[in-house]
Amino acid sequence: MIGRMSKGAATAAAVAMLWGCGGGGPAASSSAGNEAPLSAQASLGEKIFNDVTLSASGRQSCASCHSADHGHAAPNDLAAQFGGALLDQQGSRSSPSIRYLVANSAFHFDAEGTPTGGFFWDGRATSLQDQAARPFVNPHEMANTSVADVIDKLARASYAAEFQQLFGADIFGRPDDAFARITLVLQQYQREDPDFRPFSSKYDEFLRGKVNLSESEIRGLALFNRPDKGNCAACHPSAKASDGSHPLFTDFSYDNLGVPRNSALAQNADQAFFDLGLCAREGGVLAARGDLCGAFKVPSLRNVALRQVFFHNGRFKTLKDTLSFYVQRDTNPERFYPLNPDGTVNKFDDLPPQYHANVNTSEAPYNRKPGDAPALSDAEIDDVIAFLKTLSDGYRP
């Protein structure tokens, strides 16, 4: 575990808060429709976000991997997206949703020593602006050869004059400054556009007291919250905050779940390669923290039903399979991991053996062993999925 000793108490408090405020009062979070027009910077950021000409292939933009129709996550079921000049270079991890990240912070260790915050699966970016910079020059993504290459393309874009109007007629002659402005307006777009934080799901309407959940959805919510069942709320809080704002369904922490290796990732053809997540971040800043090897960011579950791949390595493609893994990983490991030559299960096969002890095995639903009943039955998994579907934005009664 990674500094999670107080999660049980936090979960109990969250459950109590949820049932105390489910229908009361005006919500601090509102849905889209009452927002101010985008500023000039944010409007420019929107154009850059959707501009495929800023890539080496001329066919990839930020929106290509972060589709608004899929909760600003990947629009397909690929384990990782393809980029590069010919769109033939596979990335190393699945594309996470970038929705609701305006509430995130730079990576830090909280008062309990729990790693928290940061952007990307390993938290290596410090802000939305820092995150926005990386894909432009990543050879597996937009694949520009340099910052100057990006600015050369920008200078030929249809909105180049708008960029100069905001940042100076000579801005394209200062590539580093121009690139900093690109990432600045992309951050501003994500901060201002309500599409990145709409709070427009059925569950939000339920919290506003405007709709009721179905019997299956209510059962799923209860199972989601119960510490002895799904225990999902331990990392994905489902209750309103003390200020009345709606939950983000992530605590921005990290966890090691022992997700099975995914052969669909080209990098995994090398049997000696392991994606170690947090401890292997660029710069080696956490290399000495072996206890963090295998830990990845806890994503928001908002819009999770719109996704087609799950976990950092895209190992599972349906919610049913994902939740089955959660509750049967330890009771029926043979379902998810390969067998060794002697017939034993090669459990946690995407981690070197010395890091197997890092995997979360103490909190429910992971505190089981072979022969035990899973924390959730098949019917209960279906109820949790029914609840998770209420977290999709764009609900219309």
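Helices (H or I, at least four residues) and strands (E, at least two) are DSSP runs, numbered from the N terminus. The structure is a predicted model, in which local features need pLDDT of at least 70 and side-chain atom pairs count only at pLDDT 80 or more, while totals for chains, interfaces and linings use all residues. Residues are numbered from 1 along each chain as its sequence is written, and side-chain values use heavy atoms, with hydrogens and water left out.

**View 1. Phe199 in a loop between two helices.** Phe199 sits in the loop that runs between helix H7 (175–192) and helix H8 (202–207). Its relative accessibility is 9%, so Phe199 counts as buried (buried is under 20% relative accessible area, exposed over 50%, partly exposed in between, with a 1.4 Å probe and protein chains only). Gly394 is 195 residues from Phe199 in sequence, yet their C-alpha atoms are 8.5 Å apart in space.

**View 2. The disulfide of Cys279 and Cys293.** A disulfide is a pair of cysteine sulfur atoms within 2.5 Å, and a search of the whole structure finds one. The sulfur atoms of Cys279 and Cys293 are 2.1 Å apart. The link is right-handed, with 100° about the S-S bond. Both cysteines lie in the loop between strand E5 (254–255) and strand E6 (296–297), so the pair ties together parts that are 14 residues apart in sequence. Cys279 is buried, at 7% relative accessible area, and Cys293 is buried too, at 1%.

**View 3. Cys62 and Cys235, with their nearest cysteine sulfurs.** Cys62 takes part in no disulfide, and the nearest cysteine sulfur, in Cys65, is 8.8 Å away. Cys62 has a relative accessible area of 14% and is buried. For Cys235, the closest cysteine sulfur belongs to Cys232, at 9.3 Å, which is too far for a bond. Cys235 counts as buried at 10% relative accessibility.

**View 4. The largest pocket and its lining.** On a 1 Å grid over the protein atoms alone, a pocket is an open set of points where a 1.4 Å probe fits, with protein on both sides within 12 Å along at least five of seven lines, and lining residues have an atom within 4 Å of a point. The largest pocket holds about 670 Å³ of space, a volume being the space filled by probe spheres set on the points. Its lining has 30 residues, and His66, Ser95, Phe120, Pro135 and Glu141 lie nearest the centre. Helix H3 (62–65), strand E1 (82–83), helix H4 (128–137) and H7 each give two or more residues to this lining. H4 supplies the largest share, four residues.
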